[in-house]
Amino acid sequence: MFQTSIQSAAYFIIGSAKLEVQSSYASTSYTDFGACRGVKFAEAVALEEAETDSLTPVTYMRNQTVTVEGEMLEANLKNLSIFRGGVDSYSTASGKVFTSGGLSSAAPLGIKLTHTASSSGQYLELQVFAATLAEPLKVNYVSDHDTDIGSVSFKMKGYCQSSRTAGAQLYQLTDTRST
């Protein structure tokens, strides 16, 4: 016996999401990062409980953050430089050259994850307002005889932005899928 039934199949998330990153925090345009695998979004909070003399304990959230992680399958050096928030240099003066080392402050960048339903074209979009590197660069090579392709792992961490309205400082979900 089943305990429930499908309420609306339009809300199923079948497939991955398109990863887009702002070229700078002040920019309104986003760069599509192409093929990715294992894209994940996770929220983290510290739940605190305050004891009171005359009420049941009050629970509240602190230190709300999010992480976005996965693997980029297209090792595009220009996109990699954008993604790392300015701690690297990218030049096309003598070929495509990515250099790193000596800079320590990564600029926060906006991230969008968009899942578009293949049947309707409607989407579920998750926008993180400001995120920075959470893990160092990791290139995953594969054997010459492997049928898989190499990848570049990424992990970004988003933090609340106090310049935004309280209750809307970390991320936003937009859903155009029908009910």
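These legends describe close-up views of a predicted protein model.

Local features need pLDDT of at least 70 and side-chain atom pairs count only at pLDDT 80 or more, while totals for chains, interfaces and linings use all residues. Residues are numbered from 1 along each chain as its sequence is written, and side-chain values use heavy atoms, with hydrogens and water left out.

View 1. Helices (H or I, at least four residues) and strands (E, at least two) are DSSP runs, numbered from the N terminus. Along the sequence the pattern reads β-β-β-β-α-β-β-β-β-β-β-β. The radius of gyration is 20 Å, well over the 16 Å that the globule rule gives for 179 residues, so the protein is more spread out than a compact globule. That radius is taken over C-alpha atoms; the globule rule is 2.2 Å times the number of residues to the power 0.38. Along the principal axes, the C-alpha atoms fill a box of roughly 70 × 45 × 35 Å. Of the 179 residues, 30% count as buried. Buried means under 20% relative accessible area, exposed over 50%, and partly exposed in between (1.4 Å probe, protein chains only). The protein exposes about 11500 Å², with carbon and sulfur atoms supplying 51% of it. These areas come from the Shrake-Rupley method with a 1.4 Å probe; for residues, only the protein chains shown count as cover. Among contacts between residues at least 6 apart in sequence, 58% join residues at least 24 apart. Contact means heavy atoms within 4.5 Å.

**View 2. The largest nonpolar core has 22 residues.** A nonpolar core is a set of buried Ala, Val, Leu, Ile, Met, Phe, Trp, Tyr and Cys residues joined through side-chain atoms within 4.5 Å. The residues with the most contacts inside this one are Leu-19, Val-21, Phe-33, Met-72, Phe-83, Ile-111 and Val-128. Elements that each supply at least two core residues include strand S1 (18–22), helix H1 (77–83) and strand S10 (151–159). In soluble globular proteins, nonpolar side chains tend to be buried together.

**View 3. Strand S8 (123–133) is largely enclosed by the rest of the structure, because 9 of its 11 residues are buried.** S8 pairs with S7 in the antiparallel sense over 7 bridges. Two strands pair if DSSP finds at least two bridges between them. Ile-111 has Val-128 in S8 as its bridge partner. S8 and strand S11 (residues 171–175) also pair in the antiparallel sense, over 5 bridges. Here Leu-126 stands opposite Leu-173. A further 3 bridges join S8 to S10, again antiparallel, with Thr-132 opposite Lys-157. Leaving aside neighbours within four places in sequence, Val-128 is in contact with residues including Phe-41, Val-66, Ile-111 and Leu-170.

**View 4. The S7–S8 hairpin has 6 residues between its strands.** Gly-121 in the turn has a positive phi of about 80°. Gln-122 is found in the loop between S7 and S8. Gln-122 is partly exposed, at 23% relative accessible area. Beyond four places in sequence, its contacts are His-115, Thr-116, Ala-117, Thr-176, Arg-177 and Ser-178. Gln-122 and Ala-106 are 16 residues apart in sequence and 34 Å apart in space, C-alpha to C-alpha.

**View 5. The S5–S6 hairpin has 5 residues between its strands.** Strand S5 (residues 88–91) and strand S6 (residues 97–100) pair in the antiparallel sense over 4 bridges. Gly-95 in the turn has a positive phi of about 90°. Ser-91 has Val-97 as its bridge partner in S6. Val-97 is partly exposed, at 31% relative accessible area. Beyond four places in sequence, Val-97 is in contact with Ser-89, Tyr-90 and Ser-91. Val-97 and Lys-78 are 19 residues apart in sequence and 8.8 Å apart in space, C-alpha to C-alpha.

**View 6. Asn-63 is found in strand S4.** Its phi is near 55°, a positive value in a residue other than glycine. Asn-63 is exposed, with 58% relative accessible area.

**View 7. The structure holds 0 disulfides.** A disulfide is a pair of cysteine sulfur atoms within 2.5 Å. Cys-36 is buried at 16% relative accessible area, whereas Cys-160 is partly exposed at 33%.
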